[in-house]
Amino acid sequence: MTTALPTRINGGDLAVDTRGLTKRFGDQVALSDVSVQVPVGAVYLLVGPNGAGKSTTLKVLLDLVRTDQGTAEVFGLNCRERAPEVRANIGYVPERPDWGYGWMRVGRLLKHHALYYPTWDADYATKLAQKFELRMDRKIGVLSKGQARRVHLTMALAHRPPLLLLDEPTDGLDPLMRDETLGVIADHLADSPTTVVLSTHHVEEVERLADHIGVLRNGELRAQMSRTDLDAGLRRYRVEVPERWAGAPSLNGSVLRRVTSAREVQWTVWGQEADVLQKLTAAGGTVREVAPLSLLDATLALLNPND
């Protein structure tokens, strides 16, 4: 039996609302009935292994990929029917920069990009360029991955959009610039009312920023919830057990990760703590420790296939 993890966020205004997104590329299923809800003002962490469907989901919101089934809305606007209006409200950092104009210099690109956004803040763009150490005379085509990422971040942030879609925003950056970039994003959120959907493999870096989480695996939304619900519902239990312990069958499907030795188990369990404690005790275990999880450990547990 599969554990009943929450997959819907209810209540409040939504910046992003998708319903039943399904997308196939040939025989490969990229998305399968994915319904994502991102509350206005949230920093929503979208996690999953490579090929889980994270980048495809973001591209659907931009109408860069069209689904076979399902609908997507950003601030109540249909992403397919009103794509230009939707994109005007979004700052986007793609996973892989795909420049169509490698001959253009960084400074010229920023000026060109600014023409499309009436809310472009030239002073802020200059400040970002200085923070990211952009060289305005460099041609786009010769930039390293990290340099290109910093240009994209400047383009995404400088018009202060109400929605940011950040696909691996620190990928390719050295540790110092990665830390600087996270600081810039945190400062941006403090200064500008913004909703963020952030996809990253560096989960530990956004521990302080993320307040909602969505977990994709094999194109399916495995879980979706607020950090408050995550912190309340997921715990690691260290339990002393008798010899030849038969386990706790009543918890089957709720145990997301298991580390078991002859006389002790460490289980990561989804459920109300009091209920889990009662079931472990009734099964003959002696609970020695109950601990919350870091965001990284919680993510790994949610991605782990059930035993």
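Biologist: Hi! How many helices and strands does the protein have?
Modeller: Hello! There are 9 helices and 15 strands in the protein. Keep in mind that this is a predicted model.

Biologist: Good to know. What size of box do the C-alpha atoms fill?
Modeller: Roughly 70 × 40 × 35 Å, taken along the principal axes.

Biologist: And how many residues are there, and what percentage count as buried?
Modeller: The protein has 307 residues, and 51% of them count as buried. As for contacts with a separation of 6 or more, 74% are made by residues 24 or more positions apart.

Biologist: Let's talk about cores. Which residues have the most contacts inside the largest nonpolar core?
Modeller: Those are L45, L230, L234 and L302, in a core of 54 residues. Helix α5 gives the most to this core, with 6 residues. There is also a second, separate core of 28 residues, which includes V16, Y44, V74 and C79.

Biologist: Now helix α3. Which of its residues are buried?
Modeller: Helix α3 runs over residues 106–114, and V106, G107, L109, L110, H113 and A114 are buried there. These residues cover an arc of only 160° around the axis, so they sit on the same side of α3.

Biologist: Why would residues three or four places apart point the same way?
Modeller: Because an α-helix has 3.6 residues a turn.

Biologist: Nice. What covers the buried residues of α3?
Modeller: The cover includes α5, residues 145–157.

Biologist: Which residues line the largest cavity?
Modeller: The lining is made of V16, V36, V38, Y44, L46, T57, L58, L61 and V197. By class, that gives 8 nonpolar, 1 polar and no charged residues. Strand β4 (43–47) and helix α1 (54–61) each supply at least two residues of this lining, and α1 has the largest share, with 3 residues.

Biologist: And the largest pocket, how much space lies in it?
Modeller: About 990 Å³. The largest pocket is lined by 37 residues, and L62, L64, Y92, P94 and H152 lie nearest its centre.

Biologist: Which elements each supply at least two residues of the lining of the largest pocket?
Modeller: They are α1, β7 (90–93), α3 and α5. The largest share, 4 residues, comes from α1. By class, the pocket lining has 16 nonpolar, 13 polar and 8 charged residues.

Biologist: What is D167 in contact with, neighbours within four places in sequence aside?
Modeller: D167 is in contact with S55, L58, V93, P94, E95, R149 and S199. L58 is also one of the residues lining the largest cavity, and P94 is among those nearest the centre of the largest pocket.

Terms used: Residues numbered from 1 in each chain as written. Predicted model: local features only at pLDDT ≥ 70, side-chain atom pairs only at ≥ 80, totals over all residues. Heavy atoms only, no water. Buried < 20%, exposed > 50% of the residue type's maximum accessible area, 1.4 Å probe, protein only. Arc of directions from axis to C-beta. Contact = heavy atoms within 4.5 Å. 1 Å grid on protein atoms, 1.4 Å probe; cavity = no way out; pocket = protein on both sides within 12 Å on 5 of 7 lines; lining within 4 Å. Nonpolar A, V, L, I, M, F, W, Y, C, P; charged D, E, K, R; others polar. Points joined across faces, edges and corners; volume = space filled by probe spheres on them. Core = buried A, V, L, I, M, F, W, Y, C linked by side-chain atoms within 4.5 Å.
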